[in-house]
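Here are a few exercises to work through with the model open on your screen.

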Amino acid sequence: MASSINRSKKMPYRLLSLRTSSLMLWLTMQRSSAFLYKPVSTILRCYPRLGSMSFHSSFSGSDSTLSVPTPQSRHFPMENSCYLESFGLKTSRFGLDPFQNKLACPIVYHEQYSFPGWPENHTFPMDKFARIAHILKSTTHLVDDTPRLLVQNEEDFFRPLDFDDIPVEEWLCSIIDPDFVHRFLNGMLTTEEARRIGFREQTARPELIQRTVLEVAGTVLTAQLAFHFGVAANLAGGTHHAHPLGGAGYTILNDLAVTANFLTDKRLHGGSTPGINRVLVIDCDVHQGDGTAKFSTLWGDDRLATLSIHCASNYPQDKANSTYDIGLRDKCGDSEYMEILKRCVETALVEVEPDFVLYDGGVDVYEHDKLGRLSLTENGIRLRDRFVVEKCVSLGIPVAAVVGGGYDKDVDALARRHAIVHEECSRVWREYRMLGYRQARSLVAVSFGRIVCAKAQDPTPKKHIEMRIVARSEAQINRTCIQGEKALTGSLPDIGQEGCLDLGETNA
Ligand SMILES: [Zn+2]
């Protein structure tokens, strides 16, 4: 076989089976016409730091009521967004309420991702982000035999923090050389640094500086949304050549590393994404994710593992050591690619046992891409995205997708290719009825107690979700209505003890 699979770092991941003893949470999903939760193998996820807890289930309900904010409108302006606010999302505007969005997963976009005045002949298509947004707002998809737009208007997108509100010092300078960050933000990079990045004199433009930071904030927000709702996608991101000391290959600040650091550092996320100790980056861009790998190596712990599936002969010439490196031969096509992808992703998920996946769905693997040397068709890209996203979701692992690279003179054709990942994330969103799963998870986690591990079982005839949690509040929650469609019954045990909640009908 022309490809090589290399696991360069040995990490002390424990075997899956050894970690099942601390299982505290069951999610039992219903299979019905309205709730198509796919059967999955008995993969168990658990969150460390749980310690031993006594086990007592308590299904007996009572009559007391707990009020959960009930969405009143299609969109959530800041002042009315109690429940989303309680998630601690880093956003300047909430998008379409995921509770009501049955068509598409949460999608993140900022209108400043693209900006005018970019050199026309530049290989990097700066306009593509705005074009992807346009494609998503103007292309219909058959959903239940009806043509539907995944995104109806700009306000459906979640928008990351505005530039001035992004905590640059905390998010960036904690893992990237502060001197580099400050010089970049002030348009003071050297000619050599700007050359290595590939943007040359454009590097100092305020619009470029701002969109670079916004892109990072977009991936952070996407990850937060994925944590709470299972799957989310950014319209930018995947700046994987940027490394701890600087930028390279059209990337300046590594959004994947910054986000992994955010997710695993409570001082940064402030409790908004609890329980994430290991992030796996699945990088399917045609170029190796060398910058992300360097962060992983530098950190030297389990927080960030990287799986890079790339074309061996593509940039960068000097490859870094990812946790897993798969260097494919030139012209590798759909079937060979998918065979290798499936094997590697499954291996990495079992061995790393991540709490969270960041997925770089670069489309420069396309057969006619200007830079990439692989030969995937657009259908191959779709199958790839579908496999990775669905695999994570089926195992109960939140997945945040970013667009990665893609190069084509025809920017609209390129944007359509990039939109595949948003379409596939949304397809999984619909098929898996993510809300039934994540809505319950989020509300229980935020309102009642800490969910410490999850197990997705094969569907059973039961028409409810059962959830076991460790209580953190003294509130006695016995019955509540969520959007009038879900009844939550059961009672919370004492603080620190485990109890069981029944989320009622799932076919919202
Ligand atoms: Zn690339």
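**Exercise 1.** Is G361 buried or exposed? Work it out, then find its surroundings.

Solution. This is a predicted model, so let's start with a simple neighbour count: a residue is called buried if 20 or more other C-beta atoms lie within 10 Å of its own. G361 has 30 such atoms within 10 Å, so it's buried. Now look at its contacts. Leaving aside residues up to four places away in sequence, G361 touches C284, D385, A401, V403, G404 and V421. Finally, check G237: it sits 124 residues from G361 along the chain, yet their C-alpha atoms are separated by 9.7 Å.

**Exercise 2.** Take helix α10 and work out which residues are buried.

Solution. Start with the helix itself: α10 covers residues 334–352, and its 19 residues reach 26 Å from first C-alpha to last, close to the expected 27 Å. Then pick out the buried ones: Y337, L341, C344, V345, A348, L349 and V352. Look down the axis of α10 and these buried residues fall within an arc of 130 degrees, so they line one face of the helix. Now turn to the other side, where S335, E339 and R343 are exposed. Last, step past the end: E353 follows α10 and has a positive phi, near 50 degrees.

**Exercise 3.** Which way do β12 and β13 run, and how many bridges join them?

Solution. Strand β12 (residues 304–311) runs parallel to β13, with five bridges between them. For a landmark, find H310, which stands opposite G327 in β13. Then check the cover on β13 (residues 324–328): four of its five residues are buried.

Definitions and conventions:
Residues numbered from 1 in each chain as written. Predicted model: local features only at pLDDT ≥ 70, side-chain atom pairs only at ≥ 80, totals over all residues. Buried ≥ 20, exposed ≤ 12 C-beta atoms within 10 Å, placed from the backbone. Contact = placed C-beta atoms within 7 Å. Helix = DSSP H or I, 4+ residues; strand = E, 2+ residues; numbered from the N terminus. Expected span 1.5 Å × (residues − 1). Arc of directions from axis to C-beta. Pairing = 2+ DSSP bridges.
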